[in-house]
Amino acid sequence: MSGSGVLLQQVINGLSLGAMYALLALVYGILELINFAHFNVFMVSSFVGMWALQSLGISGQGQVMTGLALAGALVFAFVVTMLAGGVLGVAIERLSLRPLRGVPGTAAMITTIGVSYILFNIILLTVGAG
């Protein structure tokens, strides 16, 4: 990979990480709760999007799609990914955060760390490490 390709990739990586930090800060500013599971919800949603594309028969770089086929596949993947992320976020809020709404201290923060580990390990057991 050329020097400009590496630079472009690092700029994209920095923008992506910065967007995730901004989302974390935004959620903390609104809810006054640090949800460490946000990043794992993104990870699970990414895998769901990949599985949605695989269900259409798209995997790897073996096929080149253009036009309406590409647009339809991307819209399908985005909709499935957003729905999965939304449902997962609501489930986390209802099952693990809402019962702790009035509890003082760090109980909610520790709970989100636990949810983060659970989501990470579910994907690790489903997909594998390599």
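Biologist: Where is the place of S59 in this model?

Modeller: S59 sits in the loop between α2 and α3. Helices here are DSSP runs of H or I with at least four residues, strands are runs of E with at least two, and both are numbered from the N terminus. This is a predicted model, so local features need pLDDT of at least 70 and side-chain atom pairs count only at pLDDT 80 or more, while totals for chains, interfaces and linings use all residues. Residues are numbered from 1 along each chain as its sequence is written, and side-chain values use heavy atoms, leaving out hydrogens and water.

Biologist: Is S59 buried, exposed or partly exposed?

Modeller: The general idea is a cut-off on relative accessible area: buried means under 20%, exposed over 50%, and partly exposed in between, with a 1.4 Å probe and protein chains only. S59 has a relative accessible area of 49%, so S59 is partly exposed.

Biologist: Which residues of α4 are buried?

Modeller: They are A108, T112, V115, S116, L119 and I123. These residues cover an arc of only 105° around the axis, which puts them on the same side of α4; the arc is that of the directions from the helix axis to the C-beta atoms. On the other side of α4, I110, Y117, I118 and L125 are exposed.

Biologist: What do the buried residues of α4 pack against?

Modeller: They pack against α2 (38–55) and α3 (67–97), where contact means heavy atoms within 4.5 Å. Let's zoom in on one residue of α4. I123 is buried, with a relative accessible area of 7%. Not counting residues up to four places away in sequence, I123 touches M43, V44, F47, W51 and G128. The C-alpha atoms of I123 and M43 are separated by 8.6 Å, although the two residues are 80 residues apart along the chain.

Biologist: How do α2 and α4 pack, in angle and distance?

Modeller: Two packed helices are described by the angle between their axes and the distance between the axes. The axes are lines fitted to C-alpha atoms, for helices over the stretch in contact, and angles run from 0 to 180 degrees between N-to-C directions. α2 and α4 pack at an angle of about 30°, with their axes 9 Å apart. That makes α2 roughly parallel to α4, since angles under 35 degrees count as roughly parallel, over 145 as roughly antiparallel, 65 to 115 as roughly perpendicular and the rest as oblique. From α2, the contact residues are N40, V41, M43, V44, F47 and W51, and from α4 they are S116, L119, F120, I123, T126 and V127.

Biologist: Is the crossing of α2 and α4 left-handed or right-handed?

Modeller: A crossing is left-handed if the near helix is turned anticlockwise from the far one by less than a right angle, and right-handed if clockwise. The crossing of α2 and α4 is left-handed. By contrast, α2 and α3 make a right-handed crossing, and their axes come within 8 Å and cross at roughly 145°.

Biologist: At what angle do α1 and α2 pack?

Modeller: Helix α1 (residues 3–31) packs with α2 at an angle of about 130°, with their axes 10 Å apart. That makes α1 oblique to α2, and their crossing is right-handed. M20, Y21, L23, L24 and V27 in α1 meet H38, F39 and F42 in α2.

Biologist: What does H38 touch?

Modeller: H38 touches L24 and V27, not counting residues up to four places away in sequence. H38 lies in helix α2 and is buried, with a relative accessible area of 17%.

Biologist: What do the buried residues of α2 pack against?

Modeller: They pack against α1, α3 and α4. Among these buried residues are V41, V44 and V48. Just after α2, G57 takes a positive phi of about 90°, and just after α4, G128 takes a positive phi of about 105°.
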